[in-house]
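Hi,

Here is the structure I promised to pass on. Have a look at it first, and my notes follow below.

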Amino acid sequence: RGRSVSKQKPQAATPDDKGRVLLWGGGKTLLVRDSYYSDSNSSDEPMSSTDTDAKRPAAEGGTCDEFGFRIAEEHVEVYKKHSLAQAEKRQVMREQWGVLVKELKEKDAQTEGIAVQQQQSIDVAGERTRAARKLLRGPVVNGIAPEYRPFLWPLLCGVDKARAVKGEHIFPSLLQRSEGSERNAELALDLDRTFPGHPLLDKHSEGGREGIAALHRVLNSYALYNPEVGYCQSMNFIVGILLIMDVQEEDAFWIMSHISDSLLPNHFAPPMLGSQVDAKVFKILLRKHLPKLSLHLDNLGLDPGMVCGQWFLCIFCNRMPCASACHIWDMVFVKGPQAIFQVALAIFKLCEEKLIATEDMGAAIHVLRDFETGLFDSDALLECATLQFASVGDVNKMRLELLPGVKKEYQDYRRRMDNYKMNENVKKGKELLRGFGGKAWELGNGLLQGAQTVTNKATDPELIREVQGKVKEATATGGGGGGWFSG
């Protein structure tokens, strides 16, 4: 059902004797071919990431996390301490998730072959997603084991249902168009800017070029699938994380569609009113749950929307460590958009003491940015989000209530901008006419002087007599009598 790409690759990947490049991903060796990817490990159970740590070469120039992202030097010590502290817990977590995934697959086996018509397939797929979300609602707070995300994320996002509704042929046909001449020029500019330096997306290596090609196929296919949205910056980071986590290309395509349609509606389609709506929703929630902090930020002149806008648009994956961002995605895919607001509120809550101590907007933003980039302990964040902000309410209902007002604000803004542009054009027109009028006066004055000269010469007696003489002479020479000037 599409292609998958690797989580990690050898530092100096080289083709084998069949021209294939070996990459590490999800604990399996992936064989990268010209037109598809296939697993060389036939086992149904994925190997844990610790099983392949010995096979993964150390990255040059610094410490990398388990997903291939380089850790900033100032955060290396904290990262190592956290990794050591979490090692035993992760092993237990993998075993627990193995049991849960086995249970879900057994349920899938019971329904396999039941659906023979499209509507039945849609109903069965929808029920699978609902059952998975219900089963995982509690365990997901601790995060999904990374090796199970390629299976669980598509399930939680309703990929099979979307495929059943739209048709199995959709992605393959879009892929053919994407690999043809229908390419998005704006998208091409962002490919190299997506997690620069990550081994999967490094344009200077064979494996990186394959990853960039996969990223382009998914994003360009989506732009063709939904032309009203097309391609929007930040989509590249979302799809990049999906591919790094070994989600298959077709599944990544449908997950991106789910995010655009359900989790972040109107965020990517011009004029991106969803971002403004969610900024207002968050401001209301912040005022309700953290009134003291909200008042302090107002006094600083800091609009929370300035900070949370980028969080929402890429679901926290732009600056945050990959493991923490994926932990947040686990909860968002299970609980829906309310989890995005819960996490954002939890970040402000955990930074509340430092934020209240700030005296200007810049310092407050710096506090939030430092917290975001150094967040390796996502357990505390998700615990805060779940326990302290469980009552955020129905955010989709709030979105619908605020959307008309945001639309009106946008229409008023467009009207003001149109009036401003019209006034500017009128001013330019007047200046142009004023300049043209001066040139026209000079031209007209010159013509008038020329005409006056001709008139003066036409009434000169000596000139008249000279002309009459020449005419008479011409007439006499011609032998004809009674020239037109005679008499």
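To start with a cysteine: is cysteine 308 buried or exposed? Cysteine 308 is buried, because its relative accessible area is 1% (buried means under 20%, exposed over 50% and partly exposed in between, with a 1.4 Å probe and protein chains only).

Before the rest, some background. This is a predicted model, where local features need pLDDT of at least 70 and side-chain atom pairs count only at pLDDT 80 or more, while totals for chains, interfaces and linings use all residues. Residues are numbered from 1 along each chain as its sequence is written, and side-chain values use heavy atoms, with hydrogens and water left out.

Cysteine 317 is buried too, at 2% relative accessible area. Its closest cysteine sulfur belongs to cysteine 314, but at 4.3 Å that is too far for a bond. A disulfide is a pair of cysteine sulfur atoms within 2.5 Å, and searching the whole structure turns up 0 of them.

Now to the helices (DSSP runs of H or I, at least four residues, numbered from the N terminus). Leucine 100 sits in helix α1, residues 76-111, and counts as buried because its relative accessibility is 15%. Leaving out residues up to four places away in sequence, leucine 100 touches Leu135, Leu136 and Pro139 (contact means heavy atoms within 4.5 Å). Its C-alpha atom is 9.4 Å from that of alanine 132, which is 32 residues away along the chain.

Serine 221 belongs to helix α7, residues 206-225. Serine 221 is buried, with a relative accessible area of 0%.

Cheers

Key:
Helix = DSSP H or I, 4+ residues; strand = E, 2+ residues; numbered from the N terminus.
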